[in-house]
Amino acid sequence: LLPAGSAGFGFAEVTRRGIGDFAVAGAVCHGAAVAVFGVGQRPQRLPGVEALVSAGQPADGLAEAAASEIDTTSEYRRRVAAALVVRVVTEAAGRR
């Protein structure tokens, strides 16, 4: 989706209203750098996904690649964050 050196960006999060609006899960993409947050104790870079993005791979398979890399004890947060990764990478590709 994004060629190496691209400066596109994307950001998305899912929050639960009424409990301080903390992110249940979120993802961010800037160029080929991809990270998730809200799924564990600290944000996590996803080097496998970054490699796919750098190689210009299409969005197909990004969710599965992200889900396999996300370190969390919650399957729900893993699925949501993986879906958000696809969203932010696609968004970043549109902002190059």
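G10 stands opposite C29, a residue of strand β2. Strands here are DSSP runs of E with at least two residues, helices are runs of H or I with at least four, and both are numbered from the N terminus. The model is a predicted one, in which local features need pLDDT of at least 70 and side-chain atom pairs count only at pLDDT 80 or more, while totals for chains, interfaces and linings use all residues. Residues are numbered from 1 along each chain as its sequence is written, and side-chain values use heavy atoms, with hydrogens and water left out.

The protein contains 3 helices and 4 strands, and along the sequence these follow the pattern β-β-β-β-α-α-α. The 4 strands make an open sheet with antiparallel pairing, in the order β1-β2-β3-β4; two strands pair if DSSP finds at least two bridges between them. Strands β1 (9–15) and β4 (44–45) are at the edges with a single partner strand each, so one side of each is left without a neighbour in the sheet. Strand β1 is joined to β2 (residues 23–30) by 7 bridges, and the two run antiparallel.

Helix α3 (residues 75–94) packs on the sheet and touches β1, β2 and β3, and its direction makes about 30 degrees with that of β2. Helix α1 (residues 47–54) lies across β3 (33–37) and β4, running at about 145 degrees to β3. The axes are lines fitted to C-alpha atoms, for helices over the stretch in contact, and angles run from 0 to 180 degrees between N-to-C directions.

A search of the whole structure finds 1 aromatic pair. The pair is formed by F11 and F37, and it is stacked, at 5.6 Å centre to centre with 15 degrees between the planes. Rings of Phe, Tyr and Trp (its six-membered ring) pair if their centres lie within 6.5 Å; planes under 30 degrees apart count as stacked, over 60 as edge-to-face and the rest as tilted. Because F11 lies in strand β1 and F37 in strand β3, the pair ties together parts that are 26 residues apart in sequence. F11 counts as partly exposed at 47% relative accessibility, whereas F37 counts as buried at 18%. Buried means under 20% relative accessible area, exposed over 50%, and partly exposed in between (1.4 Å probe, protein chains only).

Q44, in strand β4, counts as buried at 12% relative accessibility. The side chain of Q44 reaches the backbone oxygen of D71 at 2.8 Å. Not counting residues up to four places away in sequence, Q44 touches V34, A35, V36, V39, E69, I70 and D71, where contact means heavy atoms within 4.5 Å.

Terms used. Polar contact = N/O pair within 3.5 Å; in protein donor to acceptor, adjacent residues only side chain to side chain.
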